[in-house]
Amino acid sequence: MRILALESSCDETALAIISGSGSDWVLEKDIVYSQIAIHQKYGGVVPEVAARKHAETIFPLLTETLGEEKLATIDYLAVTAGPGLVASLLLGVTAARSLAYAAAKPLLPVNHMEGHIYSNWLSNSELKNNDQKYFPSLALVVSGGHTELVLMKNHGDYQLLGTTQDDAVGEAFDKVAKILNLGYPGGPIVSKEALEGDDQAYKLPRPMLNSGDYNFSFSGLKTAVLYTLEREKNISQAAVKNICASFQAAAVELLVKKTIKAAQEFQVKSIMIAGGVSANQLLREELKKESTKISLPLFYPELKYTGDNAAMIAVAAYYGLQNKNKKILKGEEIFSAKPLSNWQIFLK
Amino acid sequence: MREYISNNLQETNELAKKIIADLQDKRLIALSGNLGAGKTALVKAIAENLGIKEAITSPTFVLLKVYNLNFKNLKKLVHIDCYRLDGEEDLQDLGLEDYIADPEALVLIEWAEKIKNLPEANLLKIKIEILGNKERKIIIS
């Protein structure tokens with residue numbers, strides 16, 4: 001079985017090919033074209049610019065990925081249908097629909113958040129070879145657009161335990177970087193500054209830490225950084241580092257405490273993290289420390305698979321086909337594939 | 001033009017009720033104010049007072065979120081955030097015209113100042129200024 005996957009939900013245009021049978025699969029191709037450099041000058045993703053860029057890059061990337069054989073040896077197409085920016089998603093979905101229909105190949109719409117979770121299968125051979133041992137698993141998916149705690153009972157079987165009630169954690173990092181005038185994307189910059197800062201220097205709140213549920217709130221934390229800045233008119237470089245460290249410590253504590261609590265309540269066999277913010281070193285270290293205390297294995301993706309990519313979409317489609325838990329569109333049905341900008345992971 | 005001061009979320013909630021009561025036939029609300037001013041917090045308060053049970057989350061990442069609404073003749077609440085835009089876009093580029101033209105949609109736009117040519121008819125402008133910790137001045141025109 002050979003699958004071509006397309007991903008264009010935000011500011012990356014990506015293609016991948018996976019092939020195999022059973023739990024034995026290999027990633028043959030994996031191409032990501034990132035627009036970060038373009039969006040840096042705007043301080044964030046500009047939806048219309050992103051969509052235009054996807055349109056320009058997707059066909060050259062297809063040629064590069066498929067080569068001379070084109071679609072001849074591809075059995076299935078998979079595409080990210082949501083959640084994401086509707087204009088960006090539309091490009092990928094339209095391209096996939098056209099290719100699938102013209103070449104008479106079945107098409108699988110894939111959930112982007114599910115894809116992120118499967119980035120762990122790309123990076124951990126122990127998980128890939130023995131995944132049944134690790135279900136149910138608790139997945140913390142954290143990025144610029146999402147902060148979700150998902151109970152993964154088995155392949156394709158999800159329960160959403162909690163989500164942010166306002167800003168996503170990655171968005172909070174981006175906005176704190178903007179408030180401090182540090183640039184975009186905010187996550188890596190804030191983390192870098194935090195390395196040399198004192199995380200006890202500022203007392204920042206931990207919103208919803210004791211809310212009794214698995215939801216998150218990061219908007220108040222962002223505003224607390226703003227107030228801190230307004231109190232101190234002339235802020236030194238050292239103070240910026242301290243604010244970054246204090247902010248990051250608060251954000252990570254919120255994520256780790258709720259994840260560990262959920263892991264205990266739902267008696268999971270493993271914890272996974274995924275998404276752009278799963279690249280955060282402090283989050284990895286703290287979660288490793290806390291999961292070890294309760295004797296749970298922690299899986300996280302290689303850095304290159306923390307961001308958006310098509311390899312994770314290909315893997316999610318692969319397991320969807322193996323376990324027959326995905327909609328497979330054929331013939332005229334292919335045109336029913338649509339961008340679903342708010343597609344929740346537990347919905348088929 | 002009216003000015004209000006809010007010192008906390010309860011007062012913002014009261015203000016949201018007032019805004020809804022004074023809406024009349026206005027269906028387009030433009031919100032402006034710096035990061036952390038409380039634009040999303042005010043949208044949340046308005047949505048809750050309109051009976052929306054879902055959590056209103058930041059639309060910064062996806063630009064636009066639509067919620068089902070059942071208030072008088074309004075059937076949906078459209079929450080838009082132009083934070084990521086560079087100020088060059090107009091309504092047509094963003095595909096927002098359809099929402100604004102829809103008589104059943106209440107449209108709330110954060111960072112509305114970044115969009116050129118917003119229709120002035122039926123437009124309610126809300127500006128939020130940060131006065132200090134939690135204290136906000138809200139100017140409605």
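Tutor: I start with the charges of chain A: the mean positions of its 35 positive and 37 negative charges lie 2 Å apart. The model is a predicted one. Chain A is built from 11 helices and 10 strands. Its radius of gyration is 20 Å, close to the 20 Å that the globule rule gives for 348 residues, so chain A is as compact as a globular protein of that length. The C-alpha trace of chain A spans about 65 × 45 × 30 Å along its principal axes.

Of the 348 residues in chain A, 59% count as buried. The accessible surface of this chain is about 13,700 Å², and carbon and sulfur atoms hold 52% of that area. Where contacts in chain A join residues at least 6 apart in sequence, 73% of them link residues at least 24 apart.

His116(A) sits in helix α4, which covers residues 112-123. With a relative accessible area of 1%, His116(A) is buried, because the cut-off for buried is under 20%. Leaving aside residues up to four places away in sequence, His116(A) touches Val141(A), Ala274(A), Gly275(A), Thr306(A), Gly307(A), Asp308(A) and Met312(A).

The size of an interface is often given as the accessible area lost when the parts come together. Between them, chain A and chain B bury about 2,200 Å², with 58% of it on carbon and sulfur atoms. On the chain B side, Leu35(B), Phe61(B) and Arg84(B) lose the most area to chain A, and together they make up 32% of what that side buries. The contact involves 27 residues from chain A and 25 residues from chain B.

The partner can be described in the same terms. Chain B has four helices and seven strands, and along the sequence they follow the pattern β-α-β-α-β-β-α-α-β-β-β. A compact globule of 141 residues would have a radius of gyration near 14 Å, and the 14 Å of chain B agrees with that. Its C-alpha trace spans about 35 × 35 × 30 Å along the principal axes. In chain B, 53% of the 141 residues count as buried. The accessible surface of chain B comes to about 6,600 Å², of which carbon and sulfur atoms account for 46%. Among contacts in chain B with a separation of 6 or more, 65% are between residues 24 or more positions apart. As for charge, chain B has 20 positive and 22 negative charges, whose mean positions are 6 Å apart.

How values were computed: Residues are numbered from 1 along each chain as its sequence is written. Chains are lettered from A and ligands numbered from 1 in the order in which they are written. This is a predicted model: local features need pLDDT of at least 70, side-chain atom pairs count only at pLDDT 80 or more; totals for chains, interfaces and linings use all residues. Side-chain values use heavy atoms; hydrogens and water are left out. Helices (H or I, at least four residues) and strands (E, at least two) are DSSP runs, numbered from the N terminus. The radius of gyration is taken over C-alpha atoms; the globule rule is 2.2 Å times the number of residues to the power 0.38. Buried means under 20% relative accessible area, exposed over 50%, partly exposed in between (1.4 Å probe, protein chains only). Contact means heavy atoms within 4.5 Å. Accessible areas come from the Shrake-Rupley method with a 1.4 Å probe; for residues, only the protein chains shown count as cover. Lys and Arg count as positive and Asp and Glu as negative; His and the chain ends are not counted. The place of a charge is taken as NZ of Lys, CZ of Arg, CG of Asp or CD of Glu. Buried area is the accessible area (1.4 Å probe) that two parts lose on being put together, summed over both.
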